[in-house]
Amino acid sequence: MIPNCPKCNSEYTYEDGNVFICPECAHEWTESDHTEEEGLVVKDAYGNLLQDGDTVTIIKDLKIKGSSSTLKIGTKVKNIKLVEGDHNIDCKIDGFGAMKLKSEFVKKA
C-alpha cells in the first residue's frame, strides 16, 4: 500500500522506483524517510508537527462556547497537551482556565 503524503496528506501519491512522489505538493520521500511514528500526530494550521509541552499562538478570534468571551488572535498558549478527538489540544489559558482547542486554529510559536 502506498502511504499518504507526509507533507500535505494527499492520498494521490505514487511510487517511482524506490521514491514516493506527491503530485499535489511535489514532495518526494523514500520509505526510510517516512517511518510511521507511534502515537498521536498533530499538526498546526501551517503543517508544523506539535508535541506535548509546546507553546502555540491562536491565529484567529475564537468564541468560547457557552460564554460571551472570545479568545483573541495572538493569544499565547503554553505547555499544551495533545489528545485524541476533534479538539486535539488540552491546555490552560490565563484568564480563561482549562480549555480544548482545535489544532487548525493555532500555530507553533
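The legends below describe close-up views of a predicted model of one protein chain.

View 1. Taken along the principal axes, the C-alpha atoms fill a box of roughly 55 × 25 × 25 Å. Buried residues make up 28% of the 109 residues, and the chain exposes about 7,500 Å², of which carbon and sulfur atoms supply 46%.

**View 2. The largest nonpolar core.** This core has 16 residues, and those that touch the most other members are Leu-50, Leu-71, Val-77, Ile-80, Ile-89, Cys-91 and Leu-101. At least two residues of the core come from each of β6 (56–58), β11 (89–93) and β12 (97–101), with β11 giving the most, namely three residues. Leaving aside residues up to four places away in sequence, Leu-50 touches Val-42, Lys-43, Asp-44, Val-56, Ile-80, Leu-82, Ile-89, Ser-103, Val-106 and Lys-108.

**View 3. Ser-103 in its loop.** Ser-103 belongs to the loop between β12 and β13, and with a relative accessible area of 10% this residue is buried. When residues up to four places away in sequence are not counted, Ser-103 touches Val-42, Lys-43, Asp-44, Ala-45, Leu-50, Asn-88 and Ile-89.

**View 4. An open sheet of three strands.** The strands of this sheet follow the order β9-β6-β13 and pair in the antiparallel sense. The edge strands, each pairing on one side only, are β9 (76–77) and β13 (106–108). Between β6 and β13 the antiparallel pairing runs over three bridges, and Ile-58 stands opposite Val-106 in β13.

**View 5. The salt bridge between Lys-108 and Asp-54.** The count of salt bridges in the model comes to three, and in this one the closest N and O atoms of Lys-108 and Asp-54 are 3.5 Å apart. Lys-108 lies in strand β13 while Asp-54 lies in the loop between β5 (49–50) and β6, so the pair ties together parts that are 54 residues apart in sequence. Lys-108 counts as partly exposed at 33% relative accessibility, whereas Asp-54, at 13%, counts as buried because the cut-off for that class is under 20%.

View 6. Asp-86 forms a salt bridge with Lys-102, their closest N and O atoms being 3.4 Å apart. Since Asp-86 lies in the loop between β10 (81–82) and β11 and Lys-102 in the loop between β12 and β13, this pair ties together parts that are 16 residues apart in sequence. Asp-86 is exposed, with a relative accessible area of 55%, while Lys-102 is partly exposed at 22%. The side chains of Lys-100 and Asp-90 also meet in a salt bridge, at 3.8 Å from N to O. Lys-100 lies in strand β12 and Asp-90 in strand β11, so here the parts tied together are ten residues apart in sequence. Both residues are partly exposed, Lys-100 with a relative accessible area of 47% and Asp-90 with a relative accessibility of 23%.

Definitions and conventions: Residues numbered from 1 in each chain as written. Predicted model: local features only at pLDDT ≥ 70, side-chain atom pairs only at ≥ 80, totals over all residues. Heavy atoms only, no water. Core = buried A, V, L, I, M, F, W, Y, C linked by side-chain atoms within 4.5 Å. Buried < 20%, exposed > 50% of the residue type's maximum accessible area, 1.4 Å probe, protein only. Helix = DSSP H or I, 4+ residues; strand = E, 2+ residues; numbered from the N terminus. Contact = heavy atoms within 4.5 Å. Pairing = 2+ DSSP bridges. Areas by Shrake-Rupley, 256 points an atom, 1.4 Å probe, with all protein chains shown as cover. Salt bridge = Lys/Arg side-chain N within 4 Å of Asp/Glu carboxyl O.
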